[in-house]
Amino acid sequence: MSEDLHALQRRLAEFAAARDWQQYHTPKNLAAALSVEAAELVEIFQWLTPEESATVMSDPRSAGRVEDEVADVLAYLLQFCEALGIDALTALAAKIDRNETRFPAVRQARPDRADRTADRDDRKEGAEGEGRGREE
């Protein structure tokens with residue numbers, strides 16, 4: 001998969017260069033653009049109930065909007081990583097390693113209950129002021 005990410009980064013760089021956009025692709029600008037695109041993804045889900053949000057991909061129109069925003073977020077993230085020389089997959093693997101050390105598993109959740117157990121634990125931790133459900 002890493003080769004796939006690098007190939008996409010090359011395509012994005014070539015796309016920007018062909019339009020003389022690379023001058024605008026500074027880390028600051030790319031971080032801002034990433035934030036905007038992430039907000040546009042959030043906007044799709046803003047007023048949906050949890051049940052509606054879980055089925056958003058069943059409607060072709062909303063699924064297309066979600067996919068477009070995910071693509072925009074990923075494109076800006078890859079361009080940001082390229083601008084700063086960050087290998088996204090290596091950074092992610094290192095972060096998971098750190099989180100496994102910082103937050104050791106207390107118990108194994110059943111696969112069908114993993115999401116609800118994590119949500120309940122996050123709410124409990126947040127109420128205690130620990131904030132463990134939040135990535136830092």
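Analyst: Helices here are DSSP runs of H or I with at least four residues, strands are runs of E with at least two, and both are numbered from the N terminus. The model is predicted, so local features need pLDDT of at least 70 and side-chain atom pairs pLDDT 80 or more, while totals for chains, interfaces and linings use all residues. Residues are numbered from 1 along each chain as its sequence is written, and side-chain values use heavy atoms, with hydrogens and water left out.

User: Which residue with a positive phi follows α4?

Analyst: Helix α4 covers residues 60-84. After α4 comes a residue with phi near 70°, namely Gly85.

User: What share of the residues in the protein is buried?

Analyst: A residue is buried under 20% relative accessible area, exposed over 50% and partly exposed in between, using a 1.4 Å probe and protein chains only. The protein has 136 residues, and the buried share is 15%.

User: How far apart are the end C-alpha atoms of α2?

Analyst: The expected span of a helix is 1.5 Å times one less than its number of residues. Helix α2 (residues 27-45) has 19 residues and should span 27 Å. The end C-alpha atoms of α2 agree with this, at a separation of 28 Å.

User: What arc do the buried residues of α2 cover around the axis?

Analyst: The buried residues of α2 are Leu30, Ala33, Leu34, Glu37 and Ile44. They lie on the same side of α2, because the arc they cover around the axis is only 105°. That arc is taken from the directions from the helix axis to the C-beta atoms. An α-helix has 3.6 residues a turn, so residues three or four places apart point the same way; the value asked for is 105°.

User: Which exposed residues are on the face of α2 turned away from its buried side?

Analyst: The buried side of α2 is covered by elements that include α4. On the face turned away from it, the exposed residues are Lys28, Val42 and Glu43.

User: Is Gln79 buried or exposed, and which residues does Gln79 touch?

Analyst: Gln79 lies in helix α4, and its relative accessibility of 13% is why it counts as buried. Contact means heavy atoms within 4.5 Å. Not counting residues up to four places away in sequence, Gln79 touches Leu12, His25 and Leu30.

User: How far is Asp72 from Glu40 in space?

Analyst: Asp72 also belongs to α4, and at 30% relative accessibility it counts as partly exposed. Asp72 and Glu40 are 32 residues apart in sequence, and their C-alpha atoms are separated by 9.5 Å.

User: Which helix gives the most to the lining of the second largest pocket?

Analyst: A pocket is an open set of points on a 1 Å grid over the protein atoms alone, where a 1.4 Å probe fits, with protein on both sides within 12 Å along at least five of seven lines; lining residues have an atom within 4 Å of a point. Twelve residues line the second largest pocket, and Leu77, Cys81, Ala88, Leu89 and Leu92 lie nearest its centre. Helices α4 and α5 (88-102) each supply at least two of the lining residues. With five residues, the helix that gives the most is α4.

User: Where in the protein is Asp20?

Analyst: Asp20 has a phi near 60°, a positive value in a residue other than glycine. Asp20 is partly exposed, with a relative accessible area of 46%. Its place is in the loop between α1 (2-18) and α2.
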